[in-house]
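Subject: Handing over the structure

Hello,

Here is the structure that I promised to pass on to you. Please open it first and keep it beside you while you read the notes below.

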Amino acid sequence: MRRTPDVEVTDGLPPSLRWRAMCTVAIAVSMSTLVGSIANIALPTIARDMHVTPAESIWVVNAYQLAVTISLLPFASMGDIYGHRRVYSLGLALYTVASLFCALAPSLPLLVVGRVLQGFGGAGIMSVNGALVRFIFPRAALGRGIGVNAMVVAASSAAGPSVAAAIMSVTSWPWLFGVQVPAGVLTLWLAHRYLPRTPLAGHPFDPPSALLNAITFGLFITALDGVGRGQRALAVVSELGVSVAVGWVFVRRQLALAAPMLPVDLFRRPVFALSVATAVCAHAAQMICFVALPFYFQYVDGLSPIQIGVLITPWPAALVVMAPIAGRLADRHSAGLLGGFGLAVMTLGLLLVMALPHPANRLDVAWRLALCGFGFGFFQSPNNRLMIASAPRDRAGAGSGMLSTSRLVGQTTGSALVALVFGLSHGGGDGVTRGTTLSIGMAACFAAVAMVLSSLRLRQAQLV
């Protein structure tokens with residue numbers, strides 16, 4: 001087998017090596033995406049086996065999410081400074097070791113420690129995977145690579161619950177983490193052989209910025225999560241207040257740096273700022289639906305978790321189909337136009353979901369959700385391509401880091417808003433119906449705002 005030449009890549013790898021490198025990226029990305037959803041399925045079993053309360057077991061999920069949140073941008077910055085392949089391999093190695101640690105953890109505290117380490121490893125993978133795709137594919141075919149990457153993320157997210165259920169049907173929950181160890185070892189070997197070496201930035205790493213970043217985003221995500229957990233209003237407001245105050249100091253520091261960790265210099269480019277805002281709103285809309293609809297289907301329609309999973313599948317299935325197609329189109333057409341069209345379709349689909357009759361037959365639900373997934377897939381690949389390509393080559397890590405950060409902020413905001421709406425709607429079947437209707441309406445508003453933001457990019461020169 002041929003090995004990727006150990007030289008800096010100017011405009012993509014040769015075709016014979018390109019797809020081997022892309023497969024290497026795809027395996028690790030699918031691993032870090034899968035682990036975000038498979039742990040949810042195992043929480044009741046973990047709580048029972050470790051003799052802890054359900055509330056305590058939630059830290060198995062929260063620890064991973066917080067670790068990813070606070071370390072995405074620092075890892076992205078290290079990718080620019082030390083090389084994206086090196087950071088990617090470091091993240092993958094840490095993720096693999098942490099997976100083994102989680103599989104062997106005898107108690108909840110040690111499992112949470114393992115999940116924190118796994119989150120740091122996952123952040124190392126996710127923070128630079130977009131930058132690596134930029135160096136794997138030539139500029140003229142970058143959208144194709146971004147589309148494949150988006151398809152892998154969508155497919156992994158959709159497959160997570162099914163994979164978890166399949167593993168737990170034949171063995172115990174530690175194997176949810178254990179099966180990732182051999183996959184991680186294989187991918188490390190592939191990364192050594194096929195991932196390209198990328199240019200190194202000439203500036204040093206900035207630890208104070210990393211600390212300010214961790215406090216800002218960590219408290220912001222914690223506050224939003226507190227809304228969903230019914231945390232006291234004073235605590236939530238205090239966390240948000242400290243997050244904003246530290247965030248102000250963080251931004252002020254970044255403004256004085258030539259290559260800031262939080263890419264405020266890139267936000268001066270209207271097309272980049274609009275792309276980030278579009279991503280936050282669109283991912284918030286998607287997450288609102290993914291959180292709200294299962295409650296409705298279970299408490300109002302009386303469906304089982306397996307039936308709910310099947311019923312929601314048309315959305316990610318349509319996304320998997322559309323992501324690579326939209327990626328190819330993004331190499332030739334404006335992301336503002338493609339994204340605006342896709343988000344308009346998504347908005348229409350959400351309005352149709354909100355107008356579903358009760359009771360609705362499964363086909364009515366399926367085609368409406370497929371329409372939403374079609375629209376989201378049409379937006380995602382062009383938007384991701386533009387965010388990656390609009391950053392200078394020596395700041396590719398910053399663009400990739402903001403891509404992952406905007407997705408995470410949008411998803412967390414969406415899930416927190418659903419929790420708030422359901423809390424205000426009160427319990428019972430009528431409360432769930434009202435909460436779901438309000439949530440889907442809110443998702444449609446987010447999608448419509450994202451459509452407007454995407455369309456504003458038509459006034460920018462954006463085929464970068």
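Let me begin with Arg-48, which counts as exposed because its relative accessibility is 57%; in these notes, buried means under 20% relative accessible area, exposed means over 50%, and partly exposed is in between, with a 1.4 Å probe and protein chains only. The side chain of Arg-48 meets that of Asp-49 in a salt bridge, at 3.2 Å from N to O, where a salt bridge is a side-chain nitrogen of Lys or Arg within 4 Å of a carboxyl oxygen of Asp or Glu. Asp-49, for its part, is partly exposed, with a relative accessible area of 36%.

Before going further, please bear in mind that this is a predicted model, in which local features need pLDDT of at least 70 and side-chain atom pairs count only at pLDDT 80 or more, while totals for chains, interfaces and linings use all residues. Residues are numbered from 1 along each chain as its sequence is written, and side-chain values use heavy atoms, with hydrogens and water left out.

How confident is the predictor? The pLDDT is its confidence in each residue, from 0 to 100, and for the protein chain the mean pLDDT is 84, with 92% of the residues reaching 70 or more. Among the elements of the chain, helix H2 (residues 54-57) has the lowest mean pLDDT, 70, whereas H4 has the highest, 93. Helices here are DSSP runs (H or I, at least four residues), as strands are (E, at least two), and they are numbered from the N terminus.

Returning to the salt bridges, the count by the rule above comes to 4. One of them joins the side chains of Arg-385 and Asp-331, at 3.0 Å from N to O, and this pair links distant parts of the chain, since Arg-385 is in helix H16 and Asp-331 is in the loop between helix H14 (314-330) and H15, 54 residues apart. Both Arg-385 and Asp-331 are buried. Another salt bridge is that of Arg-368 with Asp-364, whose closest N and O atoms are 3.7 Å apart; both residues lie in helix H16, 4 residues apart, which is about one turn of the helix. An α-helix has 3.6 residues a turn, so residues three or four places apart point the same way. Arg-368 counts as buried because its relative accessibility is 11%, whereas Asp-364, at 21%, counts as partly exposed.

Now to the aromatic rings, of which the structure holds 7 pairs. Rings of Phe, Tyr and Trp (its six-membered ring) pair if their centres lie within 6.5 Å, and planes under 30 degrees apart count as stacked, over 60 as edge-to-face and the rest as tilted. Phe-341 and Phe-378 form an edge-to-face pair, 5.2 Å from centre to centre and with 75 degrees between the planes; Phe-341 is in helix H15 (residues 335-354) and Phe-378 in helix H16 (residues 362-389), 37 residues apart, and the pair thus links distant parts of the chain. Phe-341 is partly exposed, with a relative accessible area of 43%, while Phe-378 is buried, at 10%. Together with Phe-374, these two form one aromatic cluster.

Which residues form a nonpolar patch on the surface? They are Phe-101, Leu-110, Val-113 and Leu-117, with about 290 Å² of accessible area together. Patches are made of residues with over 30% relative accessible area and no salt bridge, like charges being joined within 9 Å and nonpolar side chains (Val, Leu, Ile, Met, Phe, Trp, Tyr) within 5 Å; the areas come from the Shrake-Rupley method with a 1.4 Å probe, and for residues only the protein chains shown count as cover. The largest share of the patch, 3 residues, comes from helix H5 (residues 108-136), whereas Phe-101 lies in helix H4 (residues 84-104) and is partly exposed at 34% relative accessibility.

Two further places deserve a look. Helix H17 (residues 396-425) has 30 residues and reaches 44 Å from its first C-alpha to its last, close to the 44 Å expected at 1.5 Å a residue, where the expected span is 1.5 Å times one less than the number of residues; H17 is mostly covered, with 23 of its 30 residues buried. In the loop between helix H1 (15-49) and H2 you will find His-51, whose phi is near 60 degrees, a positive value in a residue other than glycine, and which counts as exposed at 72% relative accessibility.

With best wishes

Terms used. pLDDT = per-residue confidence, 0-100.
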